[in-house]
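This report describes selected features of one protein model. Please consult the sequence and the structure shown below while reading.

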Amino acid sequence: MDMNQKNQGGPSGNKPDGQKPKTSMWTALIITIVLVLLFSWIFNTVANSQYKETSYSDFLAAKNSGQLAEVEIRYDRIVYMTKEEMAKPAAAQKASFTGLPRGGDGMALAEELYNMGVKVNQEITEDNSMIMMLLYYVLSFAVLFFFMRMLTRRMSGEGMMGGMGKSKAKVYMEKQTGVTFKDVAGQDEAKESLQEIIDFLHNPQKYTEIGAKLPKGALLVGSPGTGKTLLAKAVAGEANVPFFSISGSDFVEMFVGMGASRVRDLFQQAAKVAPCIIFIDEIDAVGRSRDNRYGSNSEQEQTLNQLLSEIDGFEPSKGIVCLAATNRPEILDKALLRPGRFDRRIIVDRPNLQGRLDTLKVHTRKIKLSEDVDLRKIAQATAGAVGADLANLVNEAALRAVRLGRKMVNQEDLLVSFETVIAGTEKKNTVLTDMEKRLVAYHEVGHALVAALEKHAQPVSKITIVPHTSGALGYTMQMPEEEKFLNTAEELRTELRTLVGGRAAEQLVFGVQTTGASNDLQRATSLARNMVTQYGMSESLGLMTTASTDNSYLDGQAYMDCAQTTAAEVDHEVMTLLNQAYVDAKKILADHRSLLDEVSLYLLAKETITGDELMAYVNADLKTPELEQPQEAEEAQEQTTEE
Ligand code: ADP
Ligand code: ZN
């Protein structure tokens, strides 16, 4: 997710007219002036209320009648206390003041008063007092103005809070990303799906003329670092349109309503420069399901609602396409995935051997490699690594070469940085040891062979031991030849055997049981349970259904609907079904042990094999060519048997 690109323009930077800031400045200025006048008036009134203003003749009268007790000569006035006032209690005393006559000689007056026995004070006025006072006023004016400005900006929603929030929201706008599909290695399927969007951005009329609804959004699903951001940028680059990007987590703020206003803002900006791409990284931060299972809150919901209405709101012919990235599609709110929103799902998988090799090639394009470099070896060693890891690996190798004072990167640099970058940090979750790889290979081939050797099984279309986005270490993909609405009991039993085939192979070959089969076993168990409780396919319970579903629209959970003793019997039946399937699967594999070894070794070497390759092995083994070849029916619903 390297979004720190050049050409970034914050939203306020992009404001073409700058209207808002100006208005708020004038407001601040006017408020400040009014406040200053008000304050000085209040200050004066308060200050003057301590004194009584008198005429100069009153002062003279008091002086001449010897009534003066104390006199203070200030630079502009004379403040005095009469003996009468001094006699009063301190709280009630009130001094009088009168102006110092223009051209009046303060010194002479002071001397005269002194001679009369009056206590005389002289206020000390420094020469620069006027300047000080001016400075004092200007400074307080400035401080006040500053505060007012912040306040008014905040009120108009783009100030301190809003302003800081906005810069935190990191909307990056790139006029041209400069990234094309050439910079994205592998990911051919994803590129193909995105091609249509590019075409649409190039000439939307072609689609509108025919009356086609245009794509509004697509969801890029894949582990971190698999190149989702890169792909989105490449789409913008290929279509030659501006690229807006923001992270979902930036939308969600402490202040309710902030996220929603940010979403509105983003789409407004985008509309101004359409056609363009809006990329929302980590959309799960806002798009989390609102059913509160995953801890959504009202701010997040508001933001999500705003996002939904913006997506529904924009005219498709404008040419705005929203791409969003996530590695947790399962927690997204269903409303986001509805038609007309992010209805396309594009899987960005971890690269396989060829993909890794291509990625290494892309990233070493600008790097000087010495003769001995063998990128294929590096690609082989990095099973499970994602594009970002490989980019990092190449860079580390280059840094090492520089550190060692060489002008070229050699194989050793690559190998050493492989150890630090990948093996060192991520070994546990992505890169498998050789033994683990062998286990996974046998496990997957176990699934695939059971399926391939059975009549009723769906054809296998792909087997891979490249760790999968969902965390599976490998998977076997089966594709039905045609869409099926009914399944026979025999087909379901075949499916059970296929599901436990992975575990059966592990047990048969290595004599071990691993945690890798847990997903298979869960699926097998729930299938067997459905057979017993809902489909009437068990021997002892017969036709009686023992579970009901509440709401078959919203994939409601089934609940048991029978006596406790019957429930125990159900469990027993489920167990029997599973055990039988396991025994059968193991027998099938044991009968074809050499085939199992051959295919597993082949898979280990290639990491991903197609159904055709598998069938070639199977047919050679059986010498029964009438076994059907798998068809790659494109519309067919995909079924994967994950490890
Ligand atoms: P994501 O958004 O899926 O987390 P990014 O797109 O940010 O991943 O990928 C990070 C970096 O990894 C990219 O900038 C790029 O250098 C590198 N990278 C990832 N996938 C590929 C790829 N398929 N081809 C070339 N480089 C890749
Ligand atoms: Zn499995």
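**Two buried histidines**

The model discussed here is predicted. H443 and H447 are both buried. They belong to helix 19, which covers residues 434-452, and 4 residues, about one turn of the helix, separate them. An α-helix has 3.6 residues a turn, so residues three or four places apart point the same way.

**The zinc site**

Which atoms coordinate the zinc ion (ligand 2)? The donors are NE2 of H443, NE2 of H447 and OD of D520, at 2.0 Å. Along the chain, the donors of this ion follow the spacing H-x3-H-x72-D.

**The nonpolar cores**

The largest nonpolar core contains 44 residues; those touching the most other members are L449, I463, L496, L589, L603, L614 and V618. At least two residues of this core come from each of helix 19, strand 12 (460-464), helix 20 (489-510), helix 21 (518-533), helix 22 (564-591), helix 23 (593-606) and helix 24 (611-622). Helix 19 gives the most, namely 10 residues.

Leaving aside residues up to four places away in sequence, L589 touches G446, L449, V450, G501, A504, A505, L508 and L596. Another core, of 28 residues, lies apart from the largest one and includes V184, F243, L323 and I346.

**Helix 12**

Helix 12 comprises 16 residues, 258-273. From its first C-alpha to its last it reaches 23 Å, close to the 22 Å expected at 1.5 Å a residue. Which residues of helix 12 are buried? They are M258, G259, A260, R262, V263, D265, L266, F267, Q269 and A270.

Terms used: Residues are numbered from 1 along each chain as its sequence is written. Chains are lettered from A and ligands numbered from 1 in the order in which they are written. This is a predicted model: local features need pLDDT of at least 70, side-chain atom pairs count only at pLDDT 80 or more; totals for chains, interfaces and linings use all residues. Side-chain values use heavy atoms; hydrogens and water are left out. Donors are N, O and S atoms within 2.8 Å of the metal (3.2 Å for Na, K and Ca); water is not among the atoms, so sites may look incomplete. Buried means under 20% relative accessible area, exposed over 50%, partly exposed in between (1.4 Å probe, protein chains only). A nonpolar core is a set of buried Ala, Val, Leu, Ile, Met, Phe, Trp, Tyr and Cys residues joined through side-chain atoms within 4.5 Å. Contact means heavy atoms within 4.5 Å. The expected span of a helix is 1.5 Å times one less than its number of residues.
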